[in-house]
Amino acid sequence: LDRIAAGPGGIDVVIIGRFLFLVLQGLVQASLIFGAAWLVYGVDVPGNFGPWLMISVSSAVLAAGAGLLLVTSCQTRAQAQVLPTVVILIMSAIGGSMVPRFFMPQWLQEGGGATPNTWAVEAYSGVFWRSEPALSLLPVCAGLFGVGILAVGLSRWFARRLVRD
């Protein structure tokens, strides 16, 4: 980190570059998943392309920002390998990404509603299952996007702190 921080762009260039790469990677993954859903299961992705793109971009921003925040908040490489995995698996489990939330006890459904996974799953369900208009998705997408940008800002702060120590 010291050598990177001594470079012309410093640690911020690394964090922002990694963030942009992760957002692009998330969009590619979402494209592949929904492309397969369209081709194999007939999900109307082309007919809902605008709302799909809005949800996918905001979800990718949040995932990239949260991932960077988790990694930069760690003090050691071992922590950085374990903590994000554990946190993401727990959020996925209680957020409805692995099992539909209606199978869960009521207290877990309510707790899972606070996870970004639930926000994204509900937004996608609103578009493709309940045919909700794109405008109704703006608050959720703004929340996902805003939390992701906040997480990137915090990860830049944590990364600078790591370089100084």
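For the classes used below, Ala, Val, Leu, Ile, Met, Phe, Trp, Tyr, Cys and Pro count as nonpolar, Asp, Glu, Lys and Arg as charged, and the others, Gly among them, as polar. The model is predicted, with local features needing pLDDT of at least 70 and side-chain atom pairs counting only at pLDDT 80 or more, while totals for chains, interfaces and linings use all residues. Residues are numbered from 1 along each chain as its sequence is written, and side-chain values use heavy atoms, with hydrogens and water left out.

**Exercise 1. State how many helices and strands the chain has, and the pattern they follow.**

Solution. Helices (H or I, at least four residues) and strands (E, at least two) are taken as DSSP runs, numbered from the N terminus. On that basis the chain has 7 helices and 0 strands, and its pattern along the sequence is α-α-α-α-α-α-α. Along the principal axes, the C-alpha atoms fill a box of roughly 50 × 35 × 30 Å.

**Exercise 2. Describe the largest pocket by volume, lining and residue class.**

Solution. A pocket is an open set of points, on a 1 Å grid over the protein atoms alone, where a 1.4 Å probe fits, with protein on both sides within 12 Å along at least five of seven lines; lining residues have an atom within 4 Å of a point. A volume is the space filled by probe spheres set on the points, which are joined across faces, edges and corners. The largest pocket holds about 1,600 Å³ of space. It is lined by 47 residues, of which A60, A63, A64, G67 and I88 are the closest to its centre. At least two lining residues come from each of α2 (10–41), α3 (49–72), α4 (77–95), α6 (116–128) and α7 (138–164). By class, the lining comprises 30 nonpolar, 15 polar and 2 charged residues.

**Exercise 3. Determine which helix gives the largest share of the lining of the second largest pocket.**

Solution. The second largest pocket has about 240 Å³ of space, and its lining consists of G95, G96, P100, R101, F102, T118, V121, E122, S125 and R130. The largest share, 4 residues, comes from α6. The lining divides into 3 nonpolar, 4 polar and 3 charged residues.

**Exercise 4. Classify the packing of α3 against α6 and name the residues in contact.**

Solution. Axes are lines fitted to C-alpha atoms, for helices over the stretch in contact, and angles run from 0 to 180 degrees between N-to-C directions. The axes of α3 and α6 come within 10 Å and cross at roughly 170 degrees. Since angles over 145 degrees count as roughly antiparallel, α3 is therefore roughly antiparallel to α6. With contact meaning heavy atoms within 4.5 Å, α3 contributes P51, W52, I55, S56, S59 and L62, and α6 contributes P116, A120, A123, Y124, V127 and F128. These residues comprise 10 nonpolar, 2 polar and no charged.

Note on methods: Angles under 35 degrees count as roughly parallel, over 145 as roughly antiparallel, 65 to 115 as roughly perpendicular and the rest as oblique.
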